[in-house]
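Good morning, and thank you for joining this group meeting.

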Amino acid sequence: MKNLGWLAVTLALFIVTLVLTGWPAFKDLGHQREWKAVAASSTEGELHGIQVGIREVKAAVVDNRPDRALLFLRMELQGPQSAMESWTDCRASLQSASGERWLPIEGYSIRAAIQILASDGKDNGNCSPAGVTGNAPATFDQIYRLPAGELDNLTLKVSGYGTRPEALAFPIRPEVRRFPSP
Amino acid sequence: MVDGGPGIRFYRMMAQSLKSAVGRIRIRIIAAIGLVAAIVLTWWMKVEDARIPDAPPPIAFGQPVSVGRSVFIPEKLALANDENGERKLVLTGLIENVTGSTQVAVFGFPEMLPVLSSGDTEFPAPRVNLVRDDDFLKQLEPRIREAIAIIWDVPPDWQAQDVLIAFSAQQFKLNDNLYSKSSWLQFHPTGRLTARPEQGA
Amino acid sequence: MISVGNIAVVLFGAAALGGMMNTVPDYNSSFQPFSIFADQDGIGKGRQFTAELTGLKSAKVISYAQFGQEVSRDSSATFLIAELSITGRTESRQLEAIWLGATGRQYSQSARLEDAPRNLSSARFEPGLTDRTIAVFEMPEDEIVGGRLVLAPRASMVMDGAVYFAEAEAAPANHEMLRLEP
C-alpha cells in the first residue's frame, strides 16, 4: 500500500513528460490542418496582418463533358513583409461542405485555360509569399478542376503554414461560362 | 529474509574457497590471461585496419565488373567526335540491374560514376546514355540487360594515350547498424580497366 | 546452493528473450504500406482514391506524339500497359504504380515514357472526378502472368494504404506496335 503513493507520483510525472516532449509535435500537427475558420466577407478578409481580396471567380464547363468544371480564381494579397514571413507560404484550397478539398493545378497544359478565362488574359502564378509588399496588392491566379455538381457549395480557404490552424474562409459563388465542344 | 538465505551461504562458501593461496593464484592467472588476450586482440584489429588494401582487380573488355546495384560489362572504348566536333571518350558496354526493384540510381546514391584518369589531365564526370533511346539513362529494370554508353568530355590538351577507368561499388547491408533497415553504405573499388581508345565512333 | 526454481526462472527468461529477439519483425518488413485488396470487379477503395483496373496490354514498341514530334520506344523485353480508371476521394492527389512481378521483383513505372499522353506519373486526381490513365512498365515477359499491380499515393506510400489488384492470370493481349492517343 505504501508503494501506491509512489506509483501515483510516477504516473503523474509520466504524463507531464509526455505532454512536454510531445508539445512541439502537437503544435506541428495543428499547423497541417485548417480547422479554425476565420469568417470573411465574400470578397475581403484579413489574417495575421495580410489583406486578402477575391477579385475574379469564374467557372468553365465544356459541353461534351458537362460533369466537370474548371474554376478560375484571382486574388490579391497585400501586407507588410514581416507579416508575410510569418505566413511562410500560401495555400488557397477549395472545400466542399462534405470536406473534400481541391488544390490548385500546377501543370502548364491546364493552366493555359487561365489566359482564356481571365479578364486580362494573363496568368500571374499561384499564390506564394514572393512579391507581397505593403505598397501595392500582389495578384495571384489559381485554377482548379472539380465536378460541376460541386460548384454551388464551395468555400475558399486561404492560409499559410504560420497561420494554420486558422484560415480565412470565403464563400464562393462562381459565374459559370459554357464553352462549346472543341 | 528467507530468500536471502541460500544466497548468503553461497557467498560465504566462495569467500572460504578464496582464502586458500592456490585458489588466489589461479584466479589471478586467469585474470592476467584475459587482460593480455584483450590487449593483443585490440592491437591486431588496429594492425588489420591499417593494412594497405589490395588493389582492385584488373578488368578486361568483356569481363563483368560490379558497380553495386548493377553489373557492367565494358565492350569498347572509342575516341569520337560528337556533332559539334568536340572530342569525347565513349565507353560502351552492357549493364544489368541485379537488385530486386527498378533502380534510378544505377551507379549508386550519392552517385559514383566510373572515374577516368589518363596522364595528368583531369576529366570531368561522365554522362551515361542509353544507346537504345540515345538519351540519358533514367532508370534500369531488373533482369533487363541494356547497352549503355558512358561519355566523357575530353579536355583539348589531351593526346591519345592509355587510360585507366576505375569502377566502384556501394556496399549493401540488409540490416544496418542504425535502424536495422536495408541501406547502401560506403563505396569500395571493384575493378580497373586499362585500355587505349580506338579511333572513330 | 541456488534453488532449482531460481535457475528455472533465469533459463525461462533467457529463452523468452531469445525468442523475442529472433522473431521481432525488422525495419524492412514493418515499414510497409497498409494493404487494401481490390474486389472481384477490379475496384480498389483506397483512403484518398478509388481505382479500377480496366485492362492490361503488352507491346514490343510504343509510340506517341509529343509536341508534334513522333516518339517511339522499343524494348528488349516487353512493355506492359495497365489501363486504370481512378476517382479521387478526399483530396487532390498524385499516385504511383508498381508492378509486383511473378518472381517477386518490383517494377516501377517506366521513366522512358514519362511524357506519354494520359500517363499516371503526370496525372493528378481530384475528388469527385473520374479520369482514365495508363501506367506503363517495362519487364521480361515471364513477370506478367502471376504478377499484380499496386497503386499508392505518391511519395507517402509507407504511411498510407496501397491498393493491390488481383494477379494477372492470363497473358494480356499483345501488340507489336502500340500507339498511345491523348
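**Cores, contacts and domains**

Let me begin with the largest nonpolar core, which has 37 residues; Leu71(A) and Met75(A) touch the most other members. Please keep in mind throughout that this is a predicted model.

Which elements give two or more residues to this core? They are strand 3 (50-62), strand 4 (65-78), helix 2 (81-87), strand 5 (91-95), helix 4 (114-117), strand 7, strand 8 (154-159) and strand 9 (166-172), each of chain A. The most comes from strand 4 of chain A, which contributes 7 residues. Apart from this core lies another, of 36 residues, and its members include Ala38(C), Ile81(C), Tyr107(C) and Val150(C).

I return now to Leu71(A). Leaving aside residues up to four places away in sequence, Leu71(A) touches Ala59(A), Leu94(A), Ile143(A), Tyr144(A), Leu146(A) and Pro174(A).

I turn next to the contacts between chains, starting with chains A and C. Here 9 residues of chain A meet 7 residues of chain C. On the side of chain A that touches chain C, strand 6 (101-102) and strand 7 (138-147) of chain A each supply at least two residues. The largest share of that side, 3 residues, belongs to strand 7 of chain A. By class, the side of chain A that touches chain C holds 4 nonpolar residues, no polar ones and 5 charged ones.

The contact between chains C and B involves 20 residues from chain C and 18 residues from chain B. Four elements of chain C each supply at least two residues of its side: helix 2 (27-30), strand 4 (69-88), strand 6 (106-108) and strand 7 (130-139). Of these, strand 4 of chain C gives the largest share, 4 residues.

Let me now consider the domains. Chain A is divided into domain 1 (1-30) and domain 2 (35-179), and their C-alpha centres lie 42 Å apart. For chain B, the assignment gives domain 1 (4-50) and domain 2 (58-199), with 55 Å between their centres, taken over C-alpha atoms.

The average pLDDT of chain A is 88, and 99% of the residues score at least 70. Within chain A, confidence is lowest in strand 1 (residues 36-39), at a mean of 80, and highest in strand 6, at 92.

Key:
Residues are numbered from 1 along each chain as its sequence is written. Chains are lettered from A and ligands numbered from 1 in the order in which they are written. This is a predicted model: local features need pLDDT of at least 70, side-chain atom pairs count only at pLDDT 80 or more; totals for chains, interfaces and linings use all residues. Two residues are in contact if their C-beta atoms, placed from the backbone, lie within 7 Å. Ala, Val, Leu, Ile, Met, Phe, Trp, Tyr, Cys and Pro count as nonpolar, Asp, Glu, Lys and Arg as charged, and the others, Gly among them, as polar. Domain bounds come from an automatic or database domain assignment. pLDDT is the predictor's confidence in each residue, from 0 to 100. A nonpolar core is a set of buried Ala, Val, Leu, Ile, Met, Phe, Trp, Tyr and Cys residues joined through C-beta atoms within 7 Å. A residue is buried if 20 or more other C-beta atoms lie within 10 Å of its own, exposed if 12 or fewer, and partly exposed in between; C-beta atoms are placed from the backbone.
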